[in-house]
Amino acid sequence: MNNPLLEYARETLEIELTEARRLLDRLDDNFLRACELLLNCQGKAVISGIGKSGHIGKKIAASLASTGTPAFFVHPAEALHGDLGMIGSHDVMIFISYSGRAKELDMILPMLAESGIPVIAITGGKDSPLSNGAACVLDISVEREACPMGLAPTSSTVNTLMMGDALAMALMRSRGFGAEDFARSHPGGSLGARLLNRVHHLMRTGDRLPVVDQHCTVMDAMLELSRTGLGLVAVCDSASQVVGVFTDGDLRRWLVKGHTLEESLGDAITRPGFRLPAQWRAGEALEALHEHHIGAAPVVDVNGKLVGALNLHDLHQAGIG
């Protein structure tokens, strides 16, 4: 026997999915006009709505702002008490109202028209003050709300959210907005850390850099391993060119073969060893270390000269991984 709670949930989702599919047929010249207005906007996209429309509007504003379209949300009631001053003549207004008859519109629309600010309407009210006063209308009307009483905004809010996402993604792709651009809007997140940080930002330098000359002994390299604790030592020639690396594993293999610590380091190292370019993104460095199944690597400049060293712990500490 099916639980009635699951049946209610399934019915809700089925209704919302049915209504959402109807949006596909509404992507018409109005949608293109809305995109043109926003692509050509010299100011910001100002999103406004009240009630559930306002909650969805805040999300749409955030999505636009983080994908290349400068945007912010203004509450319509606050707009009538001073916040209209936040809207400039170069901005574009996106007003969300399912009925298109929110009472605040009676005062806001004439003032926007007077300032020459175009309005994009996201509404289900095709013949409403909002639709009539808008430069273009994005139709999010529904035949049926998922609410069994037909009162709580459900299918209509889903449609509003999806139409906003369609607008944001269309604009993002049209602008050529890529992963690095996205990361600049999210510098505190893991994506920002991966894309904005480069190897030379995170690498160890100075006294923390494990390095020995290629003509030293295995004992010298072992002491450098112990001193820095990185898990490897960069082995360089007199011009600071990396000729190989000496790792904890190399030390173990050397001793197992019966060699002594006083012998020359030359035959004990791994040549040429993997190196990280200093200009690589941190995310690229992480992927490379995993791909080569190593925990650390020396960092070199474009000429192959040693400039630092980096390990997985350094990357994880920077929020990458």
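## Starting from Ile 94

Leaving aside its neighbours within four places in sequence, Ile 94 is in contact (heavy atoms within 4.5 Å) with Leu 38, Ala 45, Val 46, Ile 47, Ser 48, Leu 64, Ile 120, Ile 122 and Leu 167. A separate core of 18 residues, the second one, includes Phe 72, Phe 95, Leu 112 and Ile 117. A nonpolar core here is a set of buried Ala, Val, Leu, Ile, Met, Phe, Trp, Tyr and Cys residues joined through side-chain atoms within 4.5 Å.

Before going on, please note that this is a predicted model, in which local features need pLDDT of at least 70, side-chain atom pairs count only at pLDDT 80 or more, and totals for chains, interfaces and linings use all residues. Residues are numbered from 1 along each chain as its sequence is written, and side-chain values use heavy atoms, with hydrogens and water left out.

## The largest core

In soluble globular proteins, nonpolar side chains tend to be buried together. The largest nonpolar core has 27 residues, and those that touch the most other members are Leu 38, Ile 47, Leu 64, Ile 94, Ile 120, Leu 138 and Leu 167. At least two residues of this core come from each of α2 (29-39), β1 (45-49), α3 (52-66), β2 (71-73), β3 (92-96), β4 (119-123), β5 (136-139) and α7. Helix α2 gives the largest share, five residues. Helices (H or I, at least four residues) and strands (E, at least two) are DSSP runs, numbered from the N terminus.

Two packed helices are described by the angle between their axes and the distance between the axes. Axes are lines fitted to C-alpha atoms, for helices over the stretch in contact, and angles run from 0 to 180 degrees between N-to-C directions. Helix α1 (residues 4-21) packs against helix α7 (residues 155-175) at an angle of about 45°, with the axes 9 Å apart. The pair α1 and α7 is therefore oblique; angles under 35 degrees count as roughly parallel, over 145 as roughly antiparallel, 65 to 115 as roughly perpendicular and the rest as oblique. Ile 15, Glu 16, Glu 19 and Ala 20 of α1 make the contact with Ser 155, Val 158, Asn 159 and Met 162 of α7. By class, this contact of α1 with α7 has four nonpolar, two polar and two charged residues. Here Ala, Val, Leu, Ile, Met, Phe, Trp, Tyr, Cys and Pro count as nonpolar, Asp, Glu, Lys and Arg as charged, and the others, Gly among them, as polar.

For α2 and α7, the packing angle is about 55° and the axes are 10 Å apart, so these two helices are oblique to each other. On the α2 side are Phe 31, Ala 34, Cys 35, Leu 38 and Leu 39, which meet Met 163, Ala 166, Leu 167, Ala 170, Leu 171, Ser 174 and Arg 175 in α7. The contact of α2 with α7 has ten nonpolar, one polar and one charged residues.

## Helix α3 beside α7

The axes of α3 and α7 cross at roughly 15° and come within 10 Å, which makes α3 roughly parallel to α7. In α3, Lys 52, Ile 56, Lys 59, Ile 60, Ser 63 and Leu 64 meet Thr 157, Thr 160, Leu 161, Gly 164, Asp 165, Ala 168 and Leu 171 in α7. By class, the contact of α3 with α7 divides into six nonpolar, four polar and three charged residues.

Two residues of α3 are worth a look. Lys 52 lies in helix α3 and is partly exposed, at 47% relative accessibility. Not counting residues up to four places away in sequence, Lys 52 touches Pro 153 and Thr 157. Ser 53 is also found in helix α3, and Ser 53 is buried, with a relative accessible area of 15%. Buried means under 20% relative accessible area, exposed over 50%, and partly exposed in between (1.4 Å probe, protein chains only). Leaving aside neighbours within four places in sequence, Ser 53 is in contact with Ile 96, Ser 97 and Tyr 98.

## Backbone details in the loops

Most residues other than glycine have a negative phi, and most peptide bonds are trans. The peptide bond from Arg 271 to Pro 272 is cis, with omega near -5°, and Pro 272 sits in the loop between α12 (248-256) and β9 (276-277).

Ser 240 has a positive phi, near 65°, and belongs to the loop between β7 (232-236) and β8 (242-247). His 293 has a positive phi of about 55° although it is not a glycine; its place is in the loop between α13 (282-291) and β10 (296-300). His 293 counts as exposed, at 74% relative accessibility.
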